[in-house]
Amino acid sequence: MKKFLLFLAKGCALLLVTLVLLDVLYTAVYLQSDSRSKIDYLYNSKDKNYDVVFLGSSRVNNHFVPEIFNKAGYKTFNFGITRSRLDESALMLQMMVERNYKIKHLILQVDLNINTNDHSEAIRSLFMPYLHTSKTIRDYYRELPEYNQLLYIPFYRYMHYDARIGFREMYYSAIHKKTNALENDGFHPLLNGPDKLVPADLTKYYPKRNKGYETIKAICKKNNIHLIALTTPMCMETINRDYFNHIQKVYPEILRFENAVTDDKYFSTCGHLNKDGAIEYTKVVFNTLFKPKK
């Protein structure tokens, strides 16, 4: 019996040491990675100076063309991430402040993402490699039910979010294999859509006060960042376009740009512009809210 218990103890100790070493290895790799995603680029950068930063979901990632602002004399970057929600956008802004980013204007997409206070599990996972090294991330996720497991159990977070930050992603980060996430100053264009768009249905969407948006407003006020919250285009076939009227009832300050581009030829899907549509939309936003620098 003693031999068995000793064997069991040695096995547990070996497993624990292995998990600790793997945790240290994975974290070390991610701490030197800055070309796989916008989050690792953000974490591993500091002292950036931007006239305009764009934040939001795919409706920012695919819709705002920084080049149009850049040609007018503005330094900009599109930090929109497909599938992200306002919860993740708020944390990204906190990280920018933590890394001493100087931001004059923040253009924030607030439309379909305001109907929920939930998070994106896929995007949340991308913050997890930095849980031990960033107080901002730890504080932001302190209320998670599984917070203690993620923080204190070695390698648990990498196993829990294996699909996004597991071995494959760690390996690509280690060999510095780039993605297209940072190309075009963060703008990812979509191709032209089908001949006939499938209408988006917003009947189950209902705007409500949003914790992530409230956090973003507070951060901007504290750090003297000019916040521009706005809606982004949906095709005219969208069911229940009255949804956008309800948004403004909840938050009257949100600017209405869902009708800035309406021709179907500018859409890749009913909810996303193609490259030409993104250019047209960005021009409308720029010409409405900004002027070329002299």
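This is a predicted model: local features need pLDDT of at least 70, side-chain atom pairs count only at pLDDT 80 or more; totals for chains, interfaces and linings use all residues.
I started with Lys 293, whose charged end sits over the ring of Tyr 74, 5.0 Å from its centre. The test for this is NZ of Lys or CZ of Arg within 6 Å of the ring centre and within 35 degrees of the ring normal. Lys 75 does it too: its charged end is placed over the ring of Tyr 50, with 5.5 Å to the centre.

Residues are numbered from 1 along each chain as its sequence is written, and side-chain values use heavy atoms, leaving out hydrogens and water.

Next I looked up the rings. I found 28 aromatic pairs in the structure. Rings of Phe, Tyr and Trp (its six-membered ring) pair if their centres lie within 6.5 Å; planes under 30 degrees apart are stacked, over 60 edge-to-face, and the rest tilted.

I picked Phe 64 and Tyr 281: their ring centres are 5.1 Å apart and the planes stand at 55°, so I wrote down "tilted". The two come from distant parts of the chain, 217 residues apart, with Phe 64 in the loop between helix 3 (58-61) and helix 4 (66-71) and Tyr 281 in helix 14 (residues 275-289). Helices (H or I, at least four residues) and strands (E, at least two) are DSSP runs, numbered from the N terminus.

Is Phe 64 buried or exposed? Phe 64 is buried, because its relative accessibility is 0%. Tyr 281 is buried as well, at a relative accessible area of 0%. (Buried means under 20% relative accessible area, exposed over 50%, partly exposed in between, with a 1.4 Å probe and protein chains only.)

Last, the cysteines. How many disulfides are there? I count one disulfide, a disulfide being a pair of cysteine sulfur atoms within 2.5 Å. Cys 235 and Cys 270 are joined, S to S 2.0 Å. Cys 235 is in the loop between strand 4 (226-230) and helix 13 (243-250), and Cys 270 is in the loop between strand 5 (267-269) and strand 6 (272-273), 35 residues apart. The link is left-handed, with -75° about the S-S bond. Both Cys 235 and Cys 270 are buried.
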